[in-house]
Amino acid sequence: MWETETKSGGVKRAVRIFLPAIHLASNSYALVESVLGFARDIVKAVYLAGIQLYTRLVCIEREFPSSIRLRARLDVVPRTAGSERHRLSLGKHSLIETHCVVCTWHGDVILKEGASVGIGSVVVGPVQIGENSAVAQNCFISGQSHCYEDVSKSFRRQGFQVTPVIIQKDVWICSNCVIIPGVKIGNNSVIGAGSVVVDNIPAYSVAVGNPAKVIKKYDFKTEKWVRA
Ligand SMILES: CC(C)(COP(=O)(O)OP(=O)(O)OC[C@H]1O[C@@H](n2cnc3c(N)ncnc32)[C@H](O)[C@@H]1OP(=O)(O)O)[C@@H](O)C(=O)NCCC(=O)NCCS
């Protein structure tokens, strides 16, 4: 009786000791992959930090004073061989806020004097933002999209369609807007929060919704905004 109890206790203890080791051994491949992945992430982070430093010191045209927050990401240096470099240009008193991503791989991004891009917005060139225009938080503005017509190939291998977005002066793009390639927004217009702009918006208009439609126009006779 005593002998049997001792035996079963020994087995339990052995299981307690060796089970984690067996578990670790069976997962060792996953562990190696995790360690390698983490090491690769660190190397890549150092490489990307170097590119950001080089971009900010050498690759941007900017007038003083203008601000680019340190946590903004600037994709200006081309990553593929043979692709040409486009301009990122900032006029006086312009601002790129924290957590923005600005990409010029397919075309210039030009911020004129006093233009600003709000927290967390993404701007993919070619895009021009006019004098004193403001893009609020979390907007997506792109002058580039993928071609997808040929279904026999992945869209990734079909090249890009590039049509500039032009935002004229004194335009206010409210939070969470999307502006697709080729759109032109006339001066002194307002695009309501959460709008998706797929067509041109004339000057002195308020446009809202998905797709964005003009709901108000400025009347110069009465000097008031009136319902469209
Ligand atoms: C665009 C905006 C400025 C317009 O304000 P406004 O001129 O006072 O507009 P109104 O309140 O008179 O609204 C007019 C109509 O448009 C609708 N509307 C207003 N903003 C809208 C929006 N963003 N999306 C959809 N519909 C909207 C209203 O519901 C109203 O519809 P109705 O006539 O059927 O009642 C405002 O609605 C907005 O989007 N503000 C967001 C502010 C922001 O993003 N701030 C970020 C900090 S910079």
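Guide: Two strands pair if DSSP finds at least two bridges between them; a strand is a DSSP run of E with at least two residues, numbered from the N terminus. This is a predicted model, in which local features need pLDDT of at least 70 and side-chain atom pairs count only at pLDDT 80 or more, while totals for chains, interfaces and linings use all residues. Residues are numbered from 1 along each chain as its sequence is written.

Visitor: How do you know that strand 9 and strand 12 pair?

Guide: Strand 9 (residues 122–124) and strand 12 (residues 140–142) share three bridges, in the parallel sense, and at least two are required, so they pair.

Visitor: Which sheet is formed, and what makes strand 3 and strand 20 its edges?

Guide: The open sheet has six strands, in the order 3-6-9-12-17-20, with parallel pairing. Strand 3 (73–75) and strand 20 (196–197) each pair on one side only, and are therefore the edge strands.

Visitor: What makes a set of residues a nonpolar core?

Guide: Its members are buried Ala, Val, Leu, Ile, Met, Phe, Trp, Tyr and Cys residues joined through C-beta atoms within 7 Å; buried means that 20 or more other C-beta atoms lie within 10 Å of a residue's own, placed from the backbone. Here the largest such core has 38 residues, and V102, I191 and V197 have the most contacts inside it. Strand 7 gives the largest share, three residues.

Visitor: Which residues does V197 touch?

Guide: Leaving aside residues up to four places away in sequence, V197 touches C177, I179, I180, V183, I185, I191, A207 and A212; contact requires C-beta atoms, placed from the backbone, within 7 Å.

Key:
Helices (H or I, at least four residues) and strands (E, at least two) are DSSP runs, numbered from the N terminus. A residue is buried if 20 or more other C-beta atoms lie within 10 Å of its own, exposed if 12 or fewer, and partly exposed in between; C-beta atoms are placed from the backbone. Two residues are in contact if their C-beta atoms, placed from the backbone, lie within 7 Å.
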